[in-house]
Amino acid sequence: MNINIYKKLFMAQVSFKGNAVHTSGELPKVGETAPEFTLTAGDLSQKSLKDFAGKKVILNIFPSIDTGTCAMSVRQFNEKASGLDNTVVLCISKDLPFAQSRFCAAEGLENVITLSDFKDESFANAYGVKFTDGPLTGLLSRSVVVVDENGKVKYTEQIAETTEEPNYEAALAAV
């Protein structure tokens, strides 16, 4: 089978402002081992899923921290997940680490960790969340993945309309 046809068969379709857009793949399935990745932290160090081994991990994935809905998701997870035991929230976008850090400092957000996929797209590729068409091409699709302390995917949500917020309650219930 032609690789381009194969890729199209496994792309997810969501919408942005009512218009169909596609991602590079699909989120991992519940029950699977969460794919490994490398992301860049605010201090420019590299972080991977292994760095959070033994913890429950909420991956809050979004296009840009500089948009209202994305910023709201970071604020909401900062507030709602702050009291959860043995849980970390990773807020992941392609924004530069400097912009992510500036936003969290200005907002006083200390219960989330911002990470950037700007260098090698290992996260976007592993989780199938890179927009492949539309005005947000190259950015990450709004999604949530919850990983348990054993590295298994417990919950996924790829938001159907990119301008809408995720289902916080369902994600938190999966923790």
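Predicted model: local features only at pLDDT ≥ 70, side-chain atom pairs only at ≥ 80, totals over all residues.

Biologist: What makes you say that both faces of β8 are covered?

Modeller: On one side sit Ser 143, Val 145 and Val 147, on the other Val 144 and Val 146, and all of them are buried. Buried means under 20% relative accessible area, exposed means over 50%, and partly exposed is in between (1.4 Å probe, protein chains only). Residues are numbered from 1 along each chain as its sequence is written, and side-chain values use heavy atoms, with hydrogens and water left out.

Biologist: Why is strand β8 described as largely enclosed?

Modeller: Five of the five residues in β8 (residues 143-147) are buried, so the rest of the structure largely encloses the strand. "Strand" here is a DSSP run of E, at least two residues, and a helix is a run of H or I, at least four, both numbered from the N terminus.

Biologist: Which strands pair with β8, and in what sense?

Modeller: Strands count as paired if DSSP finds at least two bridges between them. Strand β5 (residues 56-61) clears that with five bridges to β8, antiparallel, and Val 57 has Val 147 as its bridge partner. Strand β9 (residues 153-158) also pairs with β8 in the antiparallel sense over five bridges, with Val 146 opposite Tyr 155. The hairpin of β8 and β9 has five residues between the strands, and Gly 151 there takes a positive phi near 85 degrees.

Biologist: Why is Ser 93 called buried?

Modeller: Its relative accessible area is 0%, so Ser 93 falls under the buried cut-off. Ser 93 belongs to strand β6 (residues 87-93).

Biologist: What makes the Ser 93 and Gln 100 pair a polar contact?

Modeller: The rule asks for a pair of N or O atoms within 3.5 Å; within protein, one must be able to donate a hydrogen and the other to accept it, and residues adjacent in sequence count only if both atoms are side-chain atoms. The two side chains are at 3.0 Å, so the pair qualifies. Contact in the plain sense means heavy atoms within 4.5 Å, and beyond four places in sequence Ser 93 has several such partners, including Phe 62, Leu 115 and Leu 140.

Biologist: What makes Glu 107 and Arg 75 a salt bridge?

Modeller: The test is a side-chain nitrogen of Lys or Arg within 4 Å of a carboxyl oxygen of Asp or Glu. Their closest N and O atoms are 2.8 Å apart, so the pair passes. Glu 107 is in helix α3 (residues 97-107) and Arg 75 in helix α2 (residues 68-80), so this links distant parts of the chain, 32 residues apart. Glu 107 at 35% counts as partly exposed, as does Arg 75 at 27%.

Biologist: How many salt bridges are there in the structure?

Modeller: There are six. Among them, Lys 80 meets Glu 169 at 3.4 Å, N to O, and Lys 130 meets Glu 121 at 3.1 Å. Lys 94, Glu 121 and Lys 130 are linked in a network.

Biologist: Which residues touch the most other members of the largest nonpolar core?

Modeller: Leu 59, Leu 90, Phe 123 and Tyr 127 do, out of 22 residues. The elements giving two or more residues to this core are β5, β6, α4 (122-127) and β8. Apart from it lies another core of 21 residues, among them Val 89 and Val 146. A core here is a set of buried Ala, Val, Leu, Ile, Met, Phe, Trp, Tyr and Cys residues joined through side-chain atoms within 4.5 Å.
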